[in-house]
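Biologist: Please put the model on screen. I have some questions about its fold.

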Amino acid sequence: MCCCDRVGSARLSPLKSTGTPPQTAADKALRRDLITWYLANRRDLPWRRTRDPYAIWLSEVMLQQTRVEAVLGYWERFLDALPTMEDLAAADEDLVVALWSGLGYYRRARALHAAAKIVVQELGGQLPRDQAGLQALPGFGPYTTGAVRSIAFGESAPLVDGNVARVFSRLFALEHQPASSQANRALWAAATRLVPSALPAAIRAKDKRSLASRDAAGAMSADHGPGTWNQALMELGATLCAPTRSTKSSSSGPCCGECPVQGHCAAFATGRTAELPLVKKAAPPVLVTLEVLVVETPDGLLMQRRSGEGRMANMWEFPTREVADDGGPPRLWPGCFEGAELDAIWDSAEPRPSQKHSITCHRITCQVRYFTAKTTDIGPNTPYDTVPRGHLAGSQGQSSPAPLPLTGLSAKILAVLD
Ligand code: SF4
């Protein structure tokens, strides 16, 4: 079973509306069958147990490009540390990014923080319910806007993410070039046509009875109709309507035999489930080799803070340099070894197994070298600080929030060292 939740939503955007065609009987039957399946089979996820728009918004931002299993612990730790919109707005950015450390795509965390400040300082602490109000906030693209409006507020708002795009492409046998304006138009038109304004009364009553008998605490709440439909689509894409099996993906392909909407699926009817959606030829990955030093001094680990511009801005990392295959200067992280006089203080070196790491299209092989230094006197011209190890508890799986945000690679290395 593949659980690639909210994949690729950033690339998909609605085009200008040209009017929504009326729903057909086939649309209504498709919706009834998918919602009925979803209500009986949905995963019991913690963000489905709340009606708090802030908590739902947070889950939707975290789930973009990230598997649901990875988000579970982060979402709970984030809300433990910053339980309300006001807490987030008042928090230091370092804490926000530290709570995100290991999830990647840190721009999302900064946009979330910036939006919370605007909501608290200018909007009385309430997220807007309307499209224009939400899209005026940092980080609210078409997907997040549709998700928050429909799931948190019950507004009849469509959404399209990578999972929904795959499901629609197969259901309606869409053969547009991936990421083209024609594909976008067709996907958003289908999403707009199909999103309901409310659940049919019979389904809603049945859902309430089912939840009451299944969950004595009544914790998993009955959804609004539009939110239920949108989550049903994404659930189908994340579980049964998985990407086509390939040598590069761990997906087992679509499970059409278990699919509740098989009878509505044009790709299944024509034997094209493996062909659709059409996929863009992936650019070859950029291979990068890094050397990372882990230097333990009497006062802590030698670390450096990345610049305030660009990727992973202001995050902390171990001294790192790219080993250029062509013998040229380092390309990704230049200037990390400005403190050349450091060589004088090493008193031991212990090689560690190489680490593999991926950032977008970069496939990184990382050689970690571990040193113990006799002194914290690391010279006047180095870009490094010594940081007590306990201040870097940002590795994935740690239970306490990290005071200093670590890059994903450094968090991974720290976790291996611990
Ligand atoms: S029948 Fe197969 S391809 Fe069609 S929607 Fe269901 S799982 Fe996806």
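Questions and answers on this predicted model follow.

Biologist: How many helices and strands does the chain have?
Modeller: The chain runs to 418 residues, and 37% of them count as buried. Its secondary structure comes to 14 helices and eight strands.

Biologist: Among contacts between residues at least 6 apart in sequence, what share joins residues at least 24 apart?
Modeller: Take the contacts in the chain between residues at least 6 apart in sequence. Then keep those that join residues at least 24 apart. The share is 68%.

Biologist: Which residues touch the most other members of the largest nonpolar core?
Modeller: That core holds 96 residues. Helix α2 (residues 53-63) gives the largest share, eight residues. At least three residues come from each of domain 1 (9-269) and domain 2 (286-417). The residues touching the most other members are V164 and A191.

Biologist: Which residues is A191 in contact with, leaving aside neighbours within four places in sequence?
Modeller: A contact here needs C-beta atoms within 7 Å. With those neighbours set aside, the partners of A191 are P158, L159, V160 and V164.

Biologist: Which residues of helix α5 are buried?
Modeller: Helix α5 spans residues 93-100. To count as buried, a residue needs 20 or more other C-beta atoms within 10 Å of its own. In α5 that applies to V96, V97, A98, L99 and W100.

Biologist: What covers the buried residues of α5?
Modeller: The buried residues in question include W100. Their cover includes two other helices, α3 (68-81) and α6 (106-122).

Biologist: Which strand runs parallel to β1, and over how many bridges?
Modeller: Strand β1 covers residues 286-297. One of its bridges pairs V294 with Y370. The parallel partner is β7 (residues 362-373), over eleven bridges.

Biologist: What is the bridge partner of V292 in β4?
Modeller: Strand β4 covers residues 320-322. It pairs with β1 in the antiparallel sense, over three bridges. The partner of V292 is T320.

Key: Residues numbered from 1 in each chain as written. Predicted model: local features only at pLDDT ≥ 70, side-chain atom pairs only at ≥ 80, totals over all residues. Buried ≥ 20, exposed ≤ 12 C-beta atoms within 10 Å, placed from the backbone. Helix = DSSP H or I, 4+ residues; strand = E, 2+ residues; numbered from the N terminus. Pairing = 2+ DSSP bridges. Core = buried A, V, L, I, M, F, W, Y, C linked by C-beta atoms within 7 Å. Domains from an automatic or database assignment.
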